[in-house]
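Here is a short report for a reader new to this protein. Look over the sequence and the model, then read on.

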Amino acid sequence: MQDPFFASNKSKKRKRTTGDAPKSKIARKEKVKKRADEELDSDRTDQDDNIDDLDLRADDIPESSGDEDIVETPAEKRLRLAKLYLESVKEGLAEGEYDAAEIDKELISARLRQDVLDHSGKVHLFIADSYDWSSPTSTLRCKGHRFSVTSASASENLDWLFTAGKEGHIIKWNLKTGKKVTTFYKKRPDTNGKGKEKANFDMEGHSDEVLALAVSSDSQYLASGGKDRKICIWDVAKDQWVKNFGGHKDLISGLTFRKGTKQLYSGSFDRTVKLYDLAVMGYVETLFGHQDTIVSLDALRGETAVTAGARDRTIRYWKIPEESQLVFRGGGKSAIRELLEGGAFEGHEDEDEAVHEKNSRKGDDHKKRFVEGSIECVALIDETNFVSGGDTGSICLWNTSKKKPVYTQAVCHGFHEVESSTEGIIRTPRWITSIASLRYSDIFVSGSWDGDIRIWKLDSKLKSFSLVGTVHAPGVVNSLQLLAVPKNSLSAASWTGSSQTPSKDTTVKITGVESVLLVTGLGQEYRLGRWVSVKEGVTNSAVVMVFSPRTR
């Protein structure tokens with residue numbers, strides 16, 4: 001039996017609670033209504049009109065919003081409706097359509113996997129057999145220089161192409177349309193008064209031939225160098241000069257950025273390599289070691305660089321943090337070096353000659369021994385393997401763990417014939433003027449002045465290479481660059497083979513498949529001199545070729 005004392009207290013408590021509820025509810029409604037009225041008044045566009053902006057959109061509000069609140073403000077209602085719309089879009093995806101979120105996840109995952117492989121520093125792109133290297137699927141020719149194109153470099157985002165010429169101009173091209181964007185003209189040097197050298201250094205641009213170009217990985221900066229012994233830094237987006245770097249005592253022959261950073265390496269005829277950091281726009285250090293002019297250099301993601309020392313016949317692999325270098329000697333050996341290394345003056349077959357005989361084709365000219373007198377170009381394949389080209393026309397494959405070349409291919413670009421009144425026809429091998437690799441892949445290319453660019457494939461163990469394709473490129477090949485083209489990067493671009501303005505009947509549109517981009521700088525003369533001249537049928541221009549995978 002229930003106690004009447006507890007029953008009476010409970011009934012009083014219930015009455016007090018039920019009696020207070022309507023008052024608190026009315027207060028809350030009035031407070032919310034007041035806040036809603038203030039917000040609605042601020043949204044009205046006409047004070048005389050009683051229909052507000054929310055009422056005009058009342059018909060568009062879905063009725064099946066079961067959790068709608070009676071006291072909801074307009075801002076809260078807009079947020080709730082936006083959420084409902086997004087949920088309906090997700091639920092309403094028809095079969096066969098793609099989920100944008102899933103696509104983003106796949107792209108991010110693929111990018112992360114690629115970054116991990118790049119950071120490993122080893123070759124991981126074995127793609128040579130997947131492409132048809134016999135002819136490009138599309139070609140763009142950019143003509144704008146009066147004299148030979150000394151360097152051509154495309155940005156990694158595939159938006160811009162930069163070319164430099166012997167006349168001293170730098171031209172920026174739109175890589176999607178093939179049209180010229182702007183020109184950084186050669187400046188007239190100050191030849192009067194005192195302090196003219198400082199005045200020329202402070203000049204915003206170059207006053208002589210431009211011989212080297214490099215674009216940073218983030219496509220923010222362009223670096224250029226040449227005969228005026230200074231490095232100019234340009235802002236790519238603003239098309240403006242930023243800063244000059246000095247310090248070299250002779251012409252600058254090579255520039256390259258460390259991949260993924262703003263660290264810039266420069267090589268010069270003064271036999272030194274200098275390092276700059278564009279993040280702080282400052283000079284870092286100078287590397288010494290070469291005994292002759294530096295004609296080529298390259299760098300990848302690691303804190304290393306590789307340089308070719310021309311007639312000192314060495315390739316030097318620089319370890320920047322350790323402040324050390326590895327020296328790789330090319331060319332034939334002298335009798336003294338043979339004796340010091342355990343050989344003999346007579347009856348000893350030189351190893352370079354043996355390699356030459358092994359890799360050469362049959363014929364009297366190919367059986368001759370051509371002693372390499374100069375190493376002209378070098379390119380890194382990955383962090384431990386690189387290739388070089390010399391004045392004998394041979395290409396050597398090197399590894400940082402061995403002093404001698406892993407493999408040598410002789411006379412890669414044929415012979416140059418010169419008629420002599422006393423000796424008759426003299427045949428000498430064409431030297432390798434330029435070489436470049438597709439980073440961390442089994443593909444690299446070489447150029448000379450025989451009218452062709454040759455495409456080479458490395459074997460899976462990186463012990464040898466073989467020719468897989470040849471493309472026509474009349475003139476002296478002064479510059480080469482290979483870039484991987486992600487899907488849809490050039491899908492909007494349309495090019496023709498010989499004109500900057502695409503014509504309707506000959507336009508070749510690039511599909512959205514992944515491709516390989518080959519950038520070539522061609523000229524009538526060699527970029528570092530005039531001892532080679534090829535004028536017949538040659539146009540000073542930059543040529544961009546796209547190679548697509550084979551259709552299965």
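How far is the sulfur of cysteine 412 from the closest cysteine sulfur? The distance is 8.7 Å, to cysteine 396, and that is too far for a bond. A disulfide is a pair of cysteine sulfur atoms within 2.5 Å. By this rule the count is zero disulfides.

This is a predicted model, in which local features need pLDDT of at least 70, side-chain atom pairs count only at pLDDT 80 or more, and totals for chains, interfaces and linings use all residues. Residues are numbered from 1 along each chain as its sequence is written, and side-chain values use heavy atoms, with hydrogens and water left out.

**Overview**

The protein chain has eight helices and 32 strands. Helices (H or I, at least four residues) and strands (E, at least two) are DSSP runs, numbered from the N terminus. Of the 552 residues in the protein chain, 45% are buried. Buried means under 20% relative accessible area, exposed means over 50%, and partly exposed lies in between (1.4 Å probe, protein chains only). Contact means heavy atoms within 4.5 Å. Among contacts in the protein chain between residues at least 6 apart in sequence, 53% join residues at least 24 apart.

The table gives the relative accessible area of some residues.

| Residue | Relative accessible area | State |
|---|---|---|
| Cysteine 377 | 3% | buried |
| Cysteine 412 | 6% | buried |
| Histidine 290 | 4% | buried |
| Serine 448 | 0% | buried |
| Glutamate 323 | 68% | exposed |

**Two loop residues**

Histidine 290 sits in the loop between β13 (282-288) and β14 (296-298). Why does histidine 290 count as buried? It counts as buried because its relative accessibility is 4%. Leaving out residues up to four places away in sequence, histidine 290 touches Arg271, Thr307, Ala308, Gly309, Asp312, Thr314, Arg316 and Trp318. Histidine 290 and glycine 309 are 19 residues apart in sequence, and their C-alpha atoms are 6.0 Å apart in space.

The side chain of histidine 290 also makes polar contacts. Such a contact is a pair of N or O atoms within 3.5 Å; within protein, one must be able to donate a hydrogen and the other to accept it, and residues adjacent in sequence count only if both atoms are side-chain atoms. One partner is the side chain of threonine 314, at 3.5 Å. Another is the side chain of arginine 316, at 3.4 Å.

Serine 448 lies in the loop between β25 (443-447) and β26 (452-458). A polar atom of its side chain is 2.7 Å from the backbone oxygen of tryptophan 431. Beyond four places in sequence, serine 448 touches His413, Arg430, Trp431, Thr433, Gly475, Val476 and Val477.

Strands of a sheet pair through backbone hydrogen bonds, either parallel or antiparallel. Here, four strands form an open sheet in the order β14-β15-β16-β17, with antiparallel pairing. β14 and β17 (324-329) stand at the edges, each with a single partner strand, so one side of each has no neighbour in the sheet. Neighbouring strands of this sheet are turned by 20 degrees against each other on average, direction ignored. Axes are lines fitted to C-alpha atoms, for helices over the stretch in contact, and angles run from 0 to 180 degrees between N-to-C directions.

Two strands pair if DSSP finds at least two bridges between them. How many bridges join β15 to β16? Five bridges join these antiparallel strands. Threonine 307 stands opposite arginine 316 in β16.

**Nonpolar cores**

A nonpolar core is a set of buried Ala, Val, Leu, Ile, Met, Phe, Trp, Tyr and Cys residues joined through side-chain atoms within 4.5 Å. The largest has 23 residues, and Ile315 and Phe386 have the most contacts inside it. β15 (304-308), β16 (314-319), β18 (375-380) and β20 (395-399) each supply at least two residues of this core. β18 gives the largest share, three residues. Apart from this core lies another, of 21 residues, among them Ala128, Ile453, Ile455 and Val471.

**Positive phi**

Methionine 281 is not a glycine, yet has a positive phi of about 55 degrees. Methionine 281 is in the loop between β12 (272-277) and β13. Glutamate 323, also not a glycine, has a positive phi of about 55 degrees. Glutamate 323 lies in the loop between β16 and β17.
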